[in-house]
Amino acid sequence: MPARPPAKPRATACGFRLTAKTLGVAHPVLPCNAQVYLELGNRRVLTRVIGRGSGTRSEFAVTRALADELNLHGRQKIKWRFAAASP
């Protein structure tokens with residue numbers, strides 16, 4: 001579910017600056033800065049964990065900017081996977 005952008009920039013639980021243009025996800029268990037691919041339909045976006053989500057309504061909370069990139073509206077099932085680490 002897309003998170004509402006803040007009225008003014010603030011820091012997330014992982015220390016990222018959250019603005020209306022921030023691309024990222026919140027997740028209650030994945031480590032801060034973990035890179036993940038999110039897929040919806042024919043769109044795939046590489047993003048990172050920038051905050052902590054409660055996990056009560058959905059597994060991931062995505063920023064509004066990321067929701068727009070994925071064309072995600074409301075609660076929808078998305079595919080996700082970890083990005084491969086560089087050698």
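The model is predicted, so local features need pLDDT of at least 70 and side-chain atom pairs count only at pLDDT 80 or more, whereas totals for chains, interfaces and linings use all residues. Residues are numbered from 1 along each chain as its sequence is written, and side-chain values use heavy atoms, with hydrogens and water left out.

Thr-12 is located in the loop that connects β2 (10-11) with β3 (17-18); strands (E, at least two residues) and helices (H or I, at least four) are DSSP runs numbered from the N terminus. The Thr-12 side chain reaches the backbone oxygen of Ile-50 at 2.3 Å. When neighbours within four places in sequence are set aside, Leu-18, Ile-50 and Gly-51 are in contact with Thr-12, contact meaning heavy atoms within 4.5 Å.

The chain as a whole comprises 8 strands and 1 helix, arranged from the N terminus as β-β-β-β-β-β-β-α-β. Of its 87 residues, 34% are buried. Among contacts with a separation of 6 or more, 68% join residues 24 or more positions apart.

The largest nonpolar core contains 14 residues, of which Val-25, Leu-38, Val-62, Leu-66, Leu-70 and Leu-72 touch the most other members. At least two residues of this core are supplied by each of β5 (35-40), β6 and α1 (64-70). Such a core is a set of buried Ala, Val, Leu, Ile, Met, Phe, Trp, Tyr and Cys residues joined through side-chain atoms within 4.5 Å. Val-62 belongs to strand β7 (residues 61-63) and is classed as buried because its relative accessible area is 2%. The C-alpha atoms of Val-62 and Val-25 lie 4.4 Å apart, although 37 residues separate the two in sequence.

Leu-46 is placed in strand β6 (residues 43-51). With a relative accessibility of 43%, Leu-46 is therefore assigned to the partly exposed class. Beyond its neighbours within four places in sequence, Leu-46 is in contact with Gln-35, Val-36, Tyr-37 and Ala-83. The C-alpha to C-alpha distance from Leu-46 to Leu-23 is 9.3 Å, at a sequence separation of 23 residues.

Positive phi values occur at two asparagines. Asn-33, which is not a glycine, has a positive phi of about 75 degrees and lies in the loop between β4 (25-26) and β5. Its relative accessibility of 40% makes Asn-33 partly exposed. For Asn-71, phi is likewise positive, near 60 degrees; this residue is found in the loop between α1 and β8 (79-82) and counts as partly exposed, at 39% relative accessibility.

The second largest pocket has a volume of about 200 Å³. It is lined by 13 residues, and those closest to its centre are Ser-58, Phe-60, Gln-76, Lys-77 and Ile-78. A pocket is an open set of points on a 1 Å grid over the protein atoms alone, where a 1.4 Å probe fits, with protein on both sides within 12 Å along at least five of seven lines; lining residues have an atom within 4 Å of a point. Grid points are joined across faces, edges and corners, and the volume is the space filled by probe spheres set on them. The lining divides into 6 nonpolar, 3 polar and 4 charged residues, where Ala, Val, Leu, Ile, Met, Phe, Trp, Tyr, Cys and Pro count as nonpolar, Asp, Glu, Lys and Arg as charged, and the others, including Gly, as polar.

Terms used. A polar contact is a pair of N or O atoms within 3.5 Å; within protein, one must be able to donate a hydrogen and the other to accept it, and residues adjacent in sequence count only if both atoms are side-chain atoms. Buried means under 20% relative accessible area, exposed over 50%, partly exposed in between (1.4 Å probe, protein chains only).
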